[in-house]
Amino acid sequence: MLLLGCIREVTDYELAVSLPNGLCGFVPVTQISDAYSKLLTKQVAQGETLEELNSLPDIFSPGTLVRCIVTSIEKSDNGRRSVKLSIDPKKVNKGLNSTALAAGMLLSGSVLSVEDHGYLIDIGVTGTHAFLPHQKAKNYIKAVKKGPDLKIGQNLNCLIVEVKNEGRVVCLSIDRSEVAASIATERQNWTLSNLLPGLVVKARVQKVASHGMKLKFLTYFTGIVDFMHMDPEKSTSYSPDQAVRACVLCVHPTSRAVRLTLRAPLLHAGGAPRQLPAQRLGAVLEEATVKAFYKQSGAVFELDDGTLAFARLKHLSKTRKSFKPEEFKEGCKHKCRIIDYSLMDEMCIVSLKHQVIEARFLQYQDIHTGDVVQGKVLSLKPIGMQVKVADGIRGLVPSLHLSDVILKQPEKKYNIGDEVKCRVLECNPEGKKLILTLKKSLVQSKLPVLSNYEDAKPGLITHGFVVCAREFGCIVKFYNDVKGLVPKNELGSEPISCPDKVFHEGQVLKVMVLKCEPQQERLLLSFRLSSKPGPEDKWKCTPKEKQEVKYQIGEIVDVKILKKKDNGLEVSILEDEDNVVAWIPMLHLSDFVATSKLLWHCLQEGDVLPRVMYLSDKGGHIILSRKSAVISAVQEEQVVRSFSEIQPGMLLTGYVRNVMPFGVFVEFPFGVTGLAPKVSMSDKFVTDTKDHFVVGQTVIAKVMSIDEEKQRVLLNLKVSECSSGDSAAESFALLNQYFKELKEIKGLLRRGEPSICELVPGKRVHLVVQDVREDGSALFSDSSASGFTVTATRYHLGDKNIAPGEKRKALVLHVDALTSEVYVSLREELLKQRP
């Protein structure tokens with residue numbers, strides 16, 4: 001079958017061609033022309049690059065019209081069909097012979113060789129030599145901008161200018177103005193056996209129907225124009241016997257059926273179809289209006305910008321059973337997504353399927369290096385695992401990246417069809433190349449993604465994987481093939497004599513950037529993330545300096561409380577011969593502000609607090625923190641050590657330093673501070689900032705933007721924006737920590753106020769009414785609750801009338817150890833419940 005197509009994509013090994021009616025086909029590199037195939041064979045045999053052989057991107061451009069012939073239709077494992085094409089003139093023009101050639105004919109040709117006065121062109125007709133003079137090619141060469149000369153294998157739209165010696169010699173022209181003006185006529189003796197797509201003809205309308213119309217052309221020929229190829233500007237104004245200009249789209253070899261188009265850009269031979277703006281592909285449109293519905297093929301919609309789009313039947317509903325034809329009457333509106341653009345039909349292809357509209361990725365261009373993606377295992381091969389990320393998007397997980405450790409038998413861990421969570425190591429949309437990793441330490445890493453040398457600033461800490469360990473050190477790789485060297489002296493705090501015995505290929509490690517030269521793509525790294533000063537540095541320090549440099553931020557120490565003060569604890573660091581004195585602010589005793597105050601209340605001078613972290617040394621004073629979330633963030637390197645390391649999108653753990661009417665200032669370990677403006681503080685509407693945050697509160701903040709010039713960081717504190725993904729796990733971890741600290745407080749209370757430990761929520765107690773207040777609440781006394789105020793609100797007295805001196809049964813609701821208040825209930829429905 002012969003078709004007119006438009007090149008949509010060019011790679012080194014094939015051409016992707018847009019065909020009529022939203023179809024797509026592929027021309028392999030071996031189906032360009034005989035001359036091009038001979039050069040390919042010669043290059044393979046010699047094993048070296050031939051100067052006269054140009055790559056496909058050097059001789060073809062997207063948007064160019066080509067005549068194709070279908071060579072085969074292949075069916076893949078998943079049932080999808082792939083149309084294989086050829087643009088070889090010998091196959092496309094096989095219906096022509098030398099006696100049928102006539103001046104004015106338009107046909108396909110391919111450059112055979114470059115001569116002194118022009119080019120020899122292969123037009124696929126046996127016994128005919130075709131010549132293209134330089135004069136007739138210069139305007140085309142200038143417009144195409146593919147170099148000073150035509151190249152062997154280049155496909156051309158050729159116009160026969162002159163026929164000599166009964167068709168044995170023909171002279172050609174590819175001048176764009178001459179080609180565009182050509183019209184096929186009866187004098188050229190076209191027949192159904194040699195009629196070519198791309199010919200522009202004068203035709204007359206025979207019959208008009210809702211789905212298309214029938215035309216008569218070249219006196220004896222009839223052809224069909226379907227609804228997708230009627231001119232949208234005139235689709236309702238065609239009438240029988242009307243004269244029109246049309247272009248042949250395809251010719252079926254057996255039925256001899258001819259299809260034509262009336263679309264304006266194709267009504268001049270060699271015209272270029274209109275392109276779709278890149279930003280429109282993948283766009284979701286809330287309302288697309290049905291223009292027409294065709295029960296055999298699909299529906300045509302009018303989009304928000306007035307252009308037309310087509311949805312195939314299978315894309316109108318989730319399944320055939322759920323399809324409702326009455327929803328596609330003219331004027332009905334539907335939500336849809338642009339999933340493709342057919343160059344030959346100049347029409348968007350849309351889908352109404354919910355899963356397509358909601359899909360995260362539609363094409364390789366949507367995927368970025370460092371993205372975490374969900375995929376399905378398609379196959380396991382020696383080189384690795386093939387993963388389906390989305391329809392038409394596949395990636396490879398190399399065998400090195402199937403796990404944190406090398407898997408000898410990956411088939412025991414993974415099965416075909418398994419859902420897997422991967423991270424994108426490398427994405428090349430042009431070559432449709434997608435490399436993924438399944439290493440958990442990379443997939444779950446919260447550290448910055450290093451995907452180019454320009455981002456490798458000294459001091460940056462990130463995850464990388466070892467690709468080589470030798471006596472000189474380790475080569476570590478990151479994303480997008482960025483790699484660097486960890487020299488032998490930077491492998492660890494202790495000397496390592498045989499790196500290959502300590503480190504292995506594929507091992508994921510944290511590394512720090514020491515130096516980077518982006519132009520030379522050279523990167524120097526270190527596995528030593530924080531280095532203490534060596535012995536040779538100590539003698540230089542004065543006593544005051546000695547205390548300042550003795551501990552590194554993030555170091556964990558045990559302390560003993562020396563003195564309790566109103567706003568914190570003065571402590572001494574244990575196991576330190578110099579008895580270094582430090583300070584724990586009250587609000588740094590816990591992640592929870594209320595718990596911090598309660599802990600301060602319960603702790604006594606002489607108590608030992610384990611696992612406290614060195615936070616800073618502001619003003620010469622060592623500040624310590626006991627906030628578990630902040631300690632975890634520092635230990636897991638989910639922190640920034642300087643302003644230069646901050647990047648938009650980072651999630652950082654910090655604590656509220658100040659609450660202002662316009663926003664909240666948040667401080668992070670290592671001293672970096674940012675502002676969360678009022679609009680970015682909460683998912684709820686913020687009237688008063690003090691209703692949402694308090695000083696000392698531990699928070700997770702997302703970096704919105706940075707101003708390097710003013711050294712400012714803007715943050716987002718909205719819960720919906722600040723989850724790292726597994727919000728349930730994060731919430732349970734926080735709750736677990738909260739109850740763990742409450743248990744610790746309970747233990748501290750037992751030694752000073754044992755009675756409070758006996759009063760737990762849910763316990764039944766016998767009380768004596770002391771007083772009934774004006775607001776209806778009551779005050780009680782009890783021997784077991786001496787020193788506490790026991791209260792029941794009016795609601796929790798139920799319908800009972802009580803008087804001072806009466807004895808009553810009650811249920812403990814809540815115990816506030818900080819204010820020494822106990823809240824109880826006398827309601828029958830609570831007392832009747834089994835303990």
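Trainee: Where is the place of Asp241?

Mentor: Asp241 sits in a loop, between strand E13 (221-226) and strand E14 (243-251). Keep in mind that this is a predicted model.

Trainee: Why does Asp241 count as exposed?

Mentor: Set the value against the cut-off. Exposed means over 50% relative accessible area. Asp241 has 52% relative accessibility, so Asp241 counts as exposed.

Trainee: What is said about the phi of Asp241?

Mentor: The phi of Asp241 is positive, about 75°, although Asp241 is not a glycine. Asn189 also has a positive phi, about 55°, and is not a glycine.

Trainee: Where is Asn189 found, and why is Asn189 called exposed?

Mentor: Asn189 lies in the loop between helix H5 (176-181) and strand E11 (200-209). The relative accessible area of Asn189 is 52%. Exposed begins over 50%, so Asn189 is exposed.

Trainee: Which residue just after H12 takes a positive phi?

Mentor: Glu637 does, with a phi of about 60°. Helix H12 covers residues 628-635. Its buried residues include Ser628, Val630, Ile631, Ala633 and Val634.

Trainee: What makes helix H11 mostly covered?

Mentor: Look at the count. H11 spans residues 593-602, and seven of its 10 residues are buried. They are Val593, Thr595, Ser596, Leu598, Leu599, Trp600 and Cys602.

Trainee: Ser317 is in a loop. Which loop, and why does Ser317 count as buried?

Mentor: The loop runs between strand E18 (308-312) and strand E19 (333-342). Buried means under 20% relative accessible area. Ser317 has 11% relative accessibility, so Ser317 counts as buried.

Trainee: Which residues is Ser317 in contact with, leaving aside neighbours within four places in sequence?

Mentor: Ser317 is in contact with Ser322, Phe323 and Lys353.

Trainee: Now Leu15. How do you know that Leu15 is buried?

Mentor: The relative accessibility of Leu15 is 0%. The cut-off for buried is under 20%. Therefore Leu15 counts as buried.

Trainee: Where is Leu15, and what is in contact with Leu15?

Mentor: Leu15 belongs to strand E2 (residues 14-18). Leave aside neighbours within four places in sequence. Then the contacts of Leu15 are Ile7, Glu9, Val10, Gly25, Phe26, Val27, Ile32, Leu56, Phe60 and Ile87.

Trainee: Why is Arg8 called partly exposed?

Mentor: Partly exposed lies between the two other classes: buried is under 20%, exposed is over 50%. Arg8 has a relative accessible area of 31%, so Arg8 is partly exposed. Arg8 is part of strand E1 (residues 2-10).

Trainee: Which residues does Arg8 touch, not counting those up to four places away in sequence?

Mentor: Arg8 touches Ala16, Val17, Ser18, Cys24, Pro62, Asp340, Tyr341 and Leu343. Arg8 and Gly25 are 17 residues apart in sequence, and their C-alpha atoms are 10.0 Å apart.

Trainee: What about Lys388: which class, and why?

Mentor: The value for Lys388 is 34%. Lys388 is in strand E22 (residues 384-390). Beyond residues up to four places away in sequence, Lys388 touches Gln374, Gly375, Lys376, Leu378 and Ile393. Between the C-alpha atoms of Lys388 and Leu742 there are 48 Å.

Trainee: How does the radius of gyration of the chain compare with that of a compact globule?

Mentor: The chain has 39 Å. A compact globule of 835 residues would have a value near 28 Å. The C-alpha trace spans about 125 × 80 × 55 Å along its principal axes.

Trainee: How many helices and strands does the chain have, and what share of residues is buried?

Mentor: The chain has 15 helices and 45 strands. Buried residues make up 46% of the 835.

Trainee: How many side chains are positive, and how many negative?

Mentor: There are 111 positive and 98 negative side chains. The centres of the two sets are 6 Å apart.

Trainee: What is the mean pLDDT, and where does pLDDT stay under 50?

Mentor: The mean is 86, and 93% of the residues reach 70 or more. Over residues 531-549, pLDDT stays under 50. For that stretch the model has 15 contacts beyond four places in sequence.

How values were computed: Residues numbered from 1 in each chain as written. Heavy atoms only, no water. Helix = DSSP H or I, 4+ residues; strand = E, 2+ residues; numbered from the N terminus. Rg over C-alpha atoms; globule rule 2.2 N^0.38 Å. Buried < 20%, exposed > 50% of the residue type's maximum accessible area, 1.4 Å probe, protein only. Lys, Arg positive; Asp, Glu negative; His and termini not counted. Charge placed at Lys NZ, Arg CZ, Asp CG, Glu CD. pLDDT = per-residue confidence, 0-100. Contact = heavy atoms within 4.5 Å.
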